[in-house]
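Subject: Structure for your review

Dear colleague,

Please find the structure below, followed by an account of what was found in it. I would be grateful if you could read the two side by side.

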Amino acid sequence: MALMRAHNRQGALHSDGLRAGLRVGSAVENGGLMEYFFGKDGKKCLQHEKFVLFLRNLHDEILRLEFAHYDYKLQGTISAKDFGLSMVASADIKHLYKLLDRVDDLDNEANLNNIRITFEEFKNFAELRKKLQPFSLALFSFGEVNGLLTRKDFQRAASQVCGVSLTDNVIGIIFHLFDANGDGSLSANEFVRVLQKRERDIAQPTEAGILSFLSCFWNCSNNTSIRLLLS
């Protein structure tokens, strides 16, 4: 945990290990999470599989909380407009208002305004965000070969490169938001820029704490997995 803090911009400011935002004097290592991992005496070994499962469950729970924020009527689905808002919310301020206008314009699209997005679709798109680096390379490669990036190209890149299945409804909303000139092809630069900023904001939150540590570990684990696959 000390090594993780040293590689995290907030953690480096709290090298004493004290919990940020809480009026306690104990170190983070004394919290309930460490007891869960290593037992009451701190001598139990943590199995790698158990830790990975914990991180996956944590990630899913955070996604469910975000989904529930939009599904406040407990319908089990969210509107196309809310899904669009979840995508563009982290956009740079100089591009945000333009993207919000496109989100509002979803109400005027007969083939999109009645779409409902399920949690599974929401989760699959979040999975794609985690694999943004290989996915963005695939997008630009398809664009260079074909000239224009079509919906089929986008769907094929997600499936073949990232192993993520995106529905036609999800892709329809993405193309509505990120088809800058309305020619039916995706503005890949804009799409990747918005998602990169979101992932960067998640990886480097403004508050320090155990979630920032876990986020750091999750990113390190993903990077290691990619290197192993490429080696």
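Phe 135 counts as buried because its relative accessibility is 0% (buried means under 20% relative accessible area, exposed over 50%, and partly exposed in between, with a 1.4 Å probe and protein chains only). The model is a predicted one, in which local features need pLDDT of at least 70 and side-chain atom pairs count only at pLDDT 80 or more, while totals for chains, interfaces and linings use all residues. Residues are numbered from 1 along each chain as its sequence is written, and side-chain values use heavy atoms, with hydrogens and water left out.

Phe 135 belongs to helix H7, residues 132-146 (helices are DSSP runs of H or I with at least four residues, strands are runs of E with at least two, and both are numbered from the N terminus). Not counting residues up to four places away in sequence, Phe 135 touches residues including Leu 128, Phe 154, Val 161 and Phe 191, where contact means heavy atoms within 4.5 Å.

Phe 154 and Phe 191 are also among the residues with the most contacts inside the largest nonpolar core, which has 46 residues. Such a core is a set of buried Ala, Val, Leu, Ile, Met, Phe, Trp, Tyr and Cys residues joined through side-chain atoms within 4.5 Å. Helices that each supply at least two residues of this core include H3 (48-70), H7 and H10 (188-203); its largest share, seven residues, comes from H9. A second, separate core of five residues includes Met 34, Phe 37, Phe 51 and Leu 55.

A search of the whole structure finds 14 aromatic pairs (rings of Phe, Tyr and Trp, the last by its six-membered ring, pair if their centres lie within 6.5 Å; planes under 30 degrees apart count as stacked, over 60 as edge-to-face and the rest as tilted). Phe 51 and Phe 54 form a stacked pair, 6.5 Å centre to centre with 15° between the planes. Phe 51 is buried at 10% relative accessible area, and Phe 54 is buried at 19%. The rings of Phe 83 and Phe 122 have centres 6.3 Å apart and planes at 65°, so this pair is edge-to-face. It links distant parts of the chain, with Phe 83 in helix H4 and Phe 122 in helix H6, 39 residues apart.

Finally, Leu 74 lies in the loop between H3 and strand E1 (77-79). Its phi is near 55°, a positive value in a residue other than glycine, and Leu 74 counts as exposed at 74% relative accessibility.

Yours sincerely
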